[in-house]
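I opened a new page for this structure. Below are my notes, in the order I looked things up.

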Amino acid sequence: MTDYLPDVATVPFPMPRPEDLPGDVPALAAAAPSALAGLAGTVADPAHRTGLAGMLAAVRTARADLGPVPSTLVVDDPGESRPNRHNDLAFGIERHHGDPLTLFVAAALNAHLGILEIAEERGTGLDESAWHDLVAGFDTLVRWPTDPTRLPAPLPVPGCPSSGEPEPLDGLRRWVRGHHVFMVLAQGGTVAVNSLTAAAEAGDEEAAVTAAEVASRVMRACRAALQFAGDANPDQYRSEIRPTLMPPVAPPQMSGLRWRDHEALVAALTASGEAWSWLAERRPDALTDFRTALDATYESHKGVCGNFVGNQSPSLLATSRSHRPAVGVIEQFRRLRVGTLPAAPHPDHHT
């Protein structure tokens, strides 16, 4: 049913299971592959950051230098839900055993290549801020593990031209690759939030604030990834994307809310409330920045959904008994997720 996938993306798209990734800063530092520093240096080289073609070439070089990642396909996984299996099938994602962080870095570079190829050839509909956030998210995920106690310095981001005239499968290409991007970013966000929680429990303020700032960068990139996935006009949506979301093409239990990477991120956020409270007493701006980024991500998801199906339309995969608008469901999740975070303390003007 998904014979179209090789026409729009490089599939299969291997990824680790989110639960296999490092859960704190020491584990992240210990797991960083020996080649990562060199790859990060290639991606960050100023000579490759003056234009899209140079940046694309640098990421291709980094991926080639990483080489094939030894791994085995995960089968009969007791930790996998049926909805996740259906999501993975719909987007050509495979879960692999191997070195989890190396698999993650490879997936990040593959996803980055997927969007850079489109951007360099066809442009995007993202505004300058969203494009910058999207690239910065990948820059951070590739560079942070080389020294997870420090926040990588921002890099120059070459501008991206606006999308050209639509070509066949252009909308579907962005849709599929955008979902690959979002799942990689969700895994990176989970690592960052779990690292924040562990650092707060250990009383390590510097590691906690670094992880929080990484989480904010990644969350801003998630917002841009959703916009990239939805970078299609109404005609492209109806002719290219919508058919892949409906039976018989869409697997019966496909729902992005039940993707294991999204669920892992939600679980990490739910468990991080006390850590954010602890950090907010010391660095209130870190909490404010993350709350703003998280809220903007849900608003972006609502915007993409509303643009395609309208604010009152139910999900295409909703049951016959469900009449709740898809945008309303996303809003409910937004309130729940933002509600798990503490409010940032107000400055005391009397001290």
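The entries go from the whole chain to single residues and spaces.

**Entry 1: the whole chain.** I noted at the start that this is a predicted model. I counted 14 helices and 3 strands in the protein chain. The chain has 351 residues, and 53% of them are buried. Next I looked at contacts with a separation of 6 or more. Residues 24 or more positions apart account for 84% of them.

**Entry 2: the nonpolar core.** I looked up the largest nonpolar core and found 98 residues in it. Trp 131, Leu 134, Val 184, Leu 185, Leu 279 and Phe 290 have the most contacts inside this core. Helix H9, residues 205-229, gives the largest share of the core, with 16 residues. I then picked Val 184 and listed what it touches, not counting residues up to four places away in sequence. Its list holds Phe 13, Met 15, Phe 104, Ala 107, Ala 108, Ala 111, Phe 138 and Leu 141.

**Entry 3: helix H5.** Is helix H5 enclosed or open? I found that 7 of its 10 residues, in the run 82-91, are buried, so the helix is largely enclosed by the rest of the structure. The buried ones are Pro 83, Asn 84, His 86, Asn 87, Asp 88, Ala 90 and Phe 91. They pack against helix H1 (5-8), strand S3 (93-98), H8 and helix H11 (260-270). At the start of H5, a side-chain oxygen of Ser 81 comes to within 3.1 Å of the backbone nitrogen of Asn 84. Just after H5, Gly 92 has a positive phi of about 70°.

**Entry 4: His 180.** I went to helix H8, residues 170-201, where His 180 lies. Is His 180 buried or exposed? I put it down as buried, because its relative accessibility is 3% and the cut-off for buried is under 20%. Its side chain reaches the backbone oxygen of Phe 91 at 2.7 Å. Phe 91 is one of the buried residues of H5. Setting aside neighbours within four places in sequence, I listed the contacts of His 180 as Ala 9, Thr 10, Val 11, Phe 13, Phe 91, Ile 93 and Ala 111.

**Entry 5: the second largest pocket.** The pocket holds about 200 Å³ of space. Strand S1 (13-15), H6 and H8 each give two or more residues to the lining. H6 supplies the largest share, 5 residues. By class I wrote down 6 nonpolar, 4 polar and 2 charged residues.

**Entry 6: the cavities.** How many cavities of 30 Å³ or more are there? I counted 2. The largest cavity has about 50 Å³ of space. Leu 28, Leu 101, Phe 104, Leu 141, Trp 144, Pro 145, Gly 188 and Val 191 line it. Helix H6 (100-122) and H8 are the elements that give two or more residues to this lining. The lining has 7 nonpolar residues, 1 polar and no charged.

**Entry 7: Thr 50.** My last stop was the loop between helix H3 (36-44) and helix H4 (52-66), where Thr 50 lies. I marked Thr 50 as exposed, because its relative accessibility is 70% and exposed means over 50%. Thr 50 and Pro 158 are 108 residues apart along the chain, yet their C-alpha atoms are separated by 5.7 Å.

Methods: Residues numbered from 1 in each chain as written. Predicted model: local features only at pLDDT ≥ 70, side-chain atom pairs only at ≥ 80, totals over all residues. Heavy atoms only, no water. Helix = DSSP H or I, 4+ residues; strand = E, 2+ residues; numbered from the N terminus. Buried < 20%, exposed > 50% of the residue type's maximum accessible area, 1.4 Å probe, protein only. Polar contact = N/O pair within 3.5 Å; in protein donor to acceptor, adjacent residues only side chain to side chain. Contact = heavy atoms within 4.5 Å. 1 Å grid on protein atoms, 1.4 Å probe; cavity = no way out; pocket = protein on both sides within 12 Å on 5 of 7 lines; lining within 4 Å. Points joined across faces, edges and corners; volume = space filled by probe spheres on them. Nonpolar A, V, L, I, M, F, W, Y, C, P; charged D, E, K, R; others polar. Core = buried A, V, L, I, M, F, W, Y, C linked by side-chain atoms within 4.5 Å.
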